[in-house]
Amino acid sequence: MNALLSPQPPVFPHYHETPRFSPQRPVSPLSGMANRKRKADEDGDETMSPLSSPAISSRTLARPSKKVRSNEIIGRPLALPRLLETLDASQLRSVLERICELHSDIREDVVSEAPRPSVSSAVHVLQGYQRKLNEAVPYGESSAEYTYYRVKEPLVALIDALSDFTPQYLPPNETQPTKSLQFLDDATKLIHELPDWEPQAYRHHKENAYDEISKAWALVISEAGKRGGGINLHSGGWDQRLAHHNEQSGGRLSSAISVMANSIGWMGSGPNSSGNPAEQNSILNQLMSGAYGPPVRVGPW
């Protein structure tokens, strides 16, 4: 009986004593994830794994492209845009002219696509040739022969440029008489400033230039005289300008003066005005009444 009983009496906790609990170990957050992952594997749910998501697996990450530069330093020619930056206007014209000479199709494209030169731009080019001529004149006293051979090359260049630019502003290529007359006015001023050589043998450049410009004046005046009886020539003061040019040239523009007189002579105020007074009054009356020229139809008739 004594063997069945414990030798120590049982110990009962005091009712007023605070119970003591064993300290609990902190739960790691990774343990929960591991449990959840094991749970997902056991249940066969693949949606819990971010690597198994079809949206992520099929998505490609866009990265900014980087310009690949070679670490190898070697000599190479400039790219075309950089090369063109180093060329001035004269060099560009020379390159373009050589290309056009080699390729006729490119030449036609350049001529057709280039804008029409304005009167001011053409006169600016001619003034550049004139400056080169003035810079070639020797300083001090020198013989006419020496001066002529010093300025012959830029002189011929200016005369050739005048001959090339003038047809651009003549009808039928130029349809506006005002532009044609403006160019001829500036070109004639340049001819006035050409040197007057004492020996007659050296004057042929300037005399030929006067002859050519006089023919150009005559052509433009003749075409302008067909519009409104030439009233635009008189209202614009071109008859007076031409008379002044003729006087300054020593009468070398006489052919143009004759055409001007025939174009506006009916007004009675042009240089060397002449003609039948009855015919002049008839044209004037038609202009005043608005009946000059072909009748203008109005309406569908």
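Helices here are DSSP runs of at least four residues, numbered from the N terminus. Keep that in mind as you go through these views of a predicted model.

**View 1. Glu 174 sits in a loop between two helices.** The loop in question runs between α7 (144-165) and α8 (177-192), and Glu 174 is found there. Is Glu 174 buried or exposed? Its relative accessibility is 7%, and buried means under 20%, so Glu 174 counts as buried. Look for Arg 116 next: its side chain and that of Glu 174 are joined by a polar contact of 3.2 Å. Leaving out residues up to four places away in sequence, Glu 174 touches Arg 116, Gln 168, Tyr 169, Lys 179 and Ser 180.

**View 2. Gly 265 is another loop residue.** You'll find Gly 265 in the loop between α12 (254-264) and α13 (277-289). Gly 265 has a relative accessibility of 2%, so it counts as buried too. Now find Gly 230, which is 35 residues apart from Gly 265 along the chain. The C-alpha atoms of these two glycines are separated by 9.3 Å.

**View 3. Here is the largest nonpolar core, with 40 residues.** Which residues have the most contacts inside this core? They are Phe 183, Leu 184, Ile 213, Trp 217 and Leu 242. Two or more residues come from each of α6 (119-136), α7, α8, α9 (204-224), α11 (238-248) and α12. The one that gives the most is α9, with eight residues. Zoom in on Leu 242 and, not counting residues up to four places away in sequence, you'll see that it touches Trp 217, Ile 221, Leu 253, Ala 256, Ile 257 and Met 260.

**View 4. Helices α4 and α5 cross each other.** Two packed helices are described by the angle between their axes and the distance between the axes. For α4 (residues 89-102) and α5 (residues 104-113), the axes come within 5 Å and cross at roughly 125°. That angle makes α4 oblique to α5. On the α4 side, look for Leu 96, Ile 99, Cys 100 and Leu 102; they meet Ser 104, Ile 106, Arg 107 and Val 110 in α5. What kinds of residues make this contact of α4 with α5? Six are nonpolar, one is polar and one is charged.

**View 5. Zoom back out to the whole chain.** How many helices and strands does the chain have? There are 13 helices and zero strands. Of the 301 residues in the chain, 25% are buried. Take the contacts between residues at least 6 apart in sequence: 63% of them join residues at least 24 apart.

Terms used:
Residues are numbered from 1 along each chain as its sequence is written. This is a predicted model: local features need pLDDT of at least 70, side-chain atom pairs count only at pLDDT 80 or more; totals for chains, interfaces and linings use all residues. Side-chain values use heavy atoms; hydrogens and water are left out. Buried means under 20% relative accessible area, exposed over 50%, partly exposed in between (1.4 Å probe, protein chains only). A polar contact is a pair of N or O atoms within 3.5 Å; within protein, one must be able to donate a hydrogen and the other to accept it, and residues adjacent in sequence count only if both atoms are side-chain atoms. Contact means heavy atoms within 4.5 Å. A nonpolar core is a set of buried Ala, Val, Leu, Ile, Met, Phe, Trp, Tyr and Cys residues joined through side-chain atoms within 4.5 Å. Axes are lines fitted to C-alpha atoms, for helices over the stretch in contact, and angles run from 0 to 180 degrees between N-to-C directions. Angles under 35 degrees count as roughly parallel, over 145 as roughly antiparallel, 65 to 115 as roughly perpendicular and the rest as oblique. Ala, Val, Leu, Ile, Met, Phe, Trp, Tyr, Cys and Pro count as nonpolar, Asp, Glu, Lys and Arg as charged, and the others, Gly among them, as polar.
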